[in-house]
Amino acid sequence: MICSIRFQFISNDISHMLLLHLLLFSCISLSAIIPDIACFDEDGSRFVNERLRSGTLDEQELAMKVALLGKEDLWVDNYGRFVIQGLFEFGTDKMKEELVSRMCGRDVVSLCMHKNGCRVIQKAIRCLAQEDINKLILKIHGKILTMSRDPNGNHVVQRLIQVMSSFARNEDKDGKPNAALRIQFIIDDIMVNIDDLSTHCYGCRVVQRAIKHCVDEQKHAVVEQIISCNVETLICDRYGNYVIQAVLFNGSEEQIASIIERLIESDQLLKFAKQKYASNIIETILEHGDPEHKSKLVEGMLSDTRHKEGGYCCLVELSKDRIANYVVNKALENCEGGLQEELFELLSSNYQELSKSRYGKYVLQTLRKHQSSSSA
């Protein structure tokens, strides 16, 4: 009877609100139908969530009762989770306190690694006070590596880093426990496992989040640990290259300079520019890097040792490569002044050789375009 009434209202496009008011004044138990509405589809769950946002306290308390005592496990339901998320976002402090108590009474780590449960936990972290988040943090000690490598759990670790770091930066100097200290165990686990996490499809996201959001002391420590490991491996890694890019955007001047030096030393620039993932780092610097760092890369590209035995012109070799030619094009698009003129001159003086190369032709096309715009 209950389900048939609901399906009739949905199919006839009659407002969920009307259904709710009819039920309030009928002999049908509203608490019996809330799970059915919330779990049936996205529209139903969002309807219940909207009532939590704009409805009365009685409606919120009823939803709270159903969420905690109902047979359906709304915490992990594909659509029912919106009810729990809505209670975390719009519920009273007392409701949130009860939700935290129920949450901590569950297997929190399993909930974090569930495709729907992780979304509930993330919403809780965003909406709860620091003291309540501390209770959640206690439940995941020793599981950071496992969660960081999990397709769902890594999002929870990222959210904890972001929110707790924000608390730390905004703390009043009134003797409260430093929020950054609460997640120091996460930073410690990241540093101990920096090689593994930086080259993992999910773990690399956690490392990047730490580099971007942690307070300066923690950020510095993580970046130093990255620099102390095999940077060349990370530069050329499918996922590690994103960690190196995060360092270039968020590290200290000394740390960024250290990465740049690794890129241009000896014959490394030629090697890295020809590598699929390392070339992404070089292109990023050429497009978004500081002028000083950009200049160092371009100067390395202009290196010409053909007058020596076994020597070569770096720019020409890059232009003829199927991957590195994109690096040359990026340099042409983002350099100005004297460096741009040097690039123009060196490429023009090697026109014949480049015109015979499949990829060199693409570079010459870019060269002609920029020469035309420069002379216009």
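Start by selecting E317: at 24% relative accessibility, E317 is partly exposed (buried means under 20% relative accessible area, exposed over 50%, and partly exposed in between, with a 1.4 Å probe and protein chains only). One thing to know as you click around: this is a predicted model, where local features need pLDDT of at least 70 and side-chain atom pairs count only at pLDDT 80 or more, while totals for chains, interfaces and linings use all residues. Residues are numbered from 1 along each chain as its sequence is written, and side-chain values use heavy atoms, leaving out hydrogens and water.

K320 and E317 form a salt bridge, with their closest N and O atoms 3.8 Å apart (the term means a side-chain nitrogen of Lys or Arg within 4 Å of a carboxyl oxygen of Asp or Glu). Bring in E353 too: salt bridges with shared partners join E317, K320 and E353 into one network.

Next stop, E287 and K330. This salt bridge has its closest N and O atoms 3.4 Å apart. E287 sits in helix α22 (residues 278-288) and K330 in helix α25 (residues 324-334), so the pair ties together parts 43 residues apart in sequence. Helices here are DSSP runs of H or I with at least four residues, numbered from the N terminus. Buried or exposed, what is K330? K330 is buried, at 17% relative accessible area, while E287 is partly exposed at 39%.

How many salt bridges does the whole structure hold? The count is 11.

Notes: Helix = DSSP H or I, 4+ residues; strand = E, 2+ residues; numbered from the N terminus.
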